[in-house]
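My plan is to pick a few residues, look each one up, and jot down what turns up.

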Amino acid sequence: MFKLKEHKTDVRTEIIAGFTTFMTMAYILIVNPQILSNTGMDKGALFTATALSAAVATLVMAFHANYPFALAPGMGLNAFFAFTVVLGMKYSWEVALAAILIEGIIFIILSVTPVREAIVNAIPKSIKHAVSVGIGLFIAFIGARSAGLVVNSEATGVTLGNLKSPEVILAIIGLIITGYLLAKGVKGALLIGILITTVLGIPLKVTPMPSSIISAPPSLSPILFKFDFSKVFTGEFLVVMFTFLFVDMFDTIGTLVGVASKADMLDESGKLPRARQALLADAIGTTFGAIVGTSTVTTYVESAAGVAEGGRTGLTALTVAVLMLLSLLFAPILTIVPAAATAPALIIIGLFMLSPIFKIDFEDYTEAIPAFLTIIMMPFTYSIAEGLVFGIVSYVVLKLISGKTKDISVTMYILAILFILKSIL
């Protein structure tokens, strides 16, 4: 089924790769409920929704696309859901979930057509590599803010937090512990680091005591099918849905090409084979995720850890999906983890995602400047999509005025025009 011999791998290698990927991304089971609960959503229900949506989407990736990629609610996208749409734009989380459901269905339709695949393949390799780096900086910034290591400042925008606070002290200790585990080559260093830091947070009164170790999964009822369709035909709902559609489209594409770039799975022309099948997996994951009550599901860059262990097929993804389902039994422990314990993992993940920067041609400024803008505008604007917009528009403009029009595809022209229109209208 997974064509193991054709991909020069075996069952043992694929299963070990799956365990490795799961260990490096299992933090999302802790972090996603942490972020989305800021909107008032039930944290326990969010834990169950996170695990279920990750398992379903990863199963589709395994059997339909036969890639060793795992999926789960996306970092950055969950922050956009909580901090921009709900807390910033003041929409209820029920309205936001309804918007995700509709855009997920639209994406399923687009994914069975050549549209999304064409967009993925049209983005230049330099921008694809830059997206991975930009996402890394963005996630690291989210981690630093969640721990209080970086805080708001009226004078400078951001500034250093209170280094004497228990949360910041715990986050710094966690960063040291996680760094040590990584330096020693310990598998699952991120998850182990989170768990150790969580335990250390108990005497600091940052971590509450768990009620038990194993239990039945928390009920989904507080967030299951909790859609607010009352505003579907209003202008404000269309704004929310279009915003999700836009951010999801380019965050997902950005993350997918970032994973493929880091895992060296792009072909010689920079295209991703079976991109349509991979995109359909995240479209189905997003739709299912909305139903069970979580933000947009996307491909995880941590999948590259499994690839590094030899994972080459969907059997790796299948292993991850099974482990996600088994993790549902450990909700009492995983749901008490404080933000200060997950922050070090987010900062380290930012480091992991920097390596594709070496593949960017910094001698050609028509390649380097768009890549640089893509990287820095993601954390500066608190948006993966906006970073991609700056990268694509600047790429087209610089290539055009430099006379390098042969480097610009028709799809890139269309994207640049649409992005410019979106910004001025």
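**Entry 1: K90**

I started with K90, which I found in the loop between α4 (77-86) and α5 (93-111). One thing to keep in mind throughout: this is a predicted model. Is K90 buried or exposed? I get a relative accessible area of 68%, and the cut-off for exposed is over 50%, so K90 is exposed.

**Entry 2: K128 and S146, both looked up in α7**

Next I went for another lysine, K128, which has its place in helix α7. K128 comes out at 1% relative accessibility, so I put it down as buried. What does the side chain of K128 reach? I found the backbone oxygen of I123, at 3.5 Å.

Helix α7 covers residues 125-146, and S146 lies in it too. With a relative accessible area of 34%, S146 is partly exposed. A polar atom of the S146 side chain lies 2.9 Å from the backbone oxygen of G143. I then set aside the neighbours of S146 within four places in sequence, and that left contacts with A339 and A343. I looked at P344 as well: S146 and P344 are 198 residues apart in sequence, yet I get 10.0 Å from C-alpha to C-alpha.

**Entry 3: helix α11**

Then I did a length check on α11, residues 275-292. At 1.5 Å a residue, its 18 residues should span 26 Å, and the end C-alpha atoms are 26 Å apart, so the two agree. How many of the residues of α11 are buried? I count 13 of the 18, which means the helix is largely enclosed by the rest of the structure. Just after α11 comes G293, and I noted a positive phi of about 105° there.

I also looked at R274. Its charged end sits over the ring of Y67, 4.1 Å from the ring centre.

**Entry 4: aromatic pairs**

How many aromatic pairs does the structure hold? There are four, and I wrote up two, including F2 with F63. The F2 and F63 rings are tilted, with 5.6 Å from centre to centre and 35° between the planes. F2 lies in the segment before α1 (11-25) and F63 in helix α3 (residues 43-65), so this pair ties together parts that are 61 residues apart in sequence. F2 is buried, with a relative accessible area of 10%. F63 counts as partly exposed, at 47% relative accessibility.

The other pair I wrote up is Y27 with Y300, which is also tilted: 6.5 Å centre to centre and 50° between the planes. Which parts of the chain does it link? Y27 is in the loop between α1 and α2 (28-36), while Y300 is in the loop between β4 (297-299) and α12 (303-308). These are distant parts of the chain, 273 residues apart. I have Y27 down as buried, with a relative accessible area of 2%. Y300 is buried as well, at 4%.

Note on methods
Residues numbered from 1 in each chain as written. Predicted model: local features only at pLDDT ≥ 70, side-chain atom pairs only at ≥ 80, totals over all residues. Heavy atoms only, no water. Helix = DSSP H or I, 4+ residues; strand = E, 2+ residues; numbered from the N terminus. Expected span 1.5 Å × (residues − 1). Buried < 20%, exposed > 50% of the residue type's maximum accessible area, 1.4 Å probe, protein only. Phe/Tyr/Trp six-rings, centres within 6.5 Å; stacked < 30°, edge-to-face > 60°. Lys NZ or Arg CZ within 6 Å of the ring centre and 35° of its normal. Contact = heavy atoms within 4.5 Å. Polar contact = N/O pair within 3.5 Å; in protein donor to acceptor, adjacent residues only side chain to side chain.
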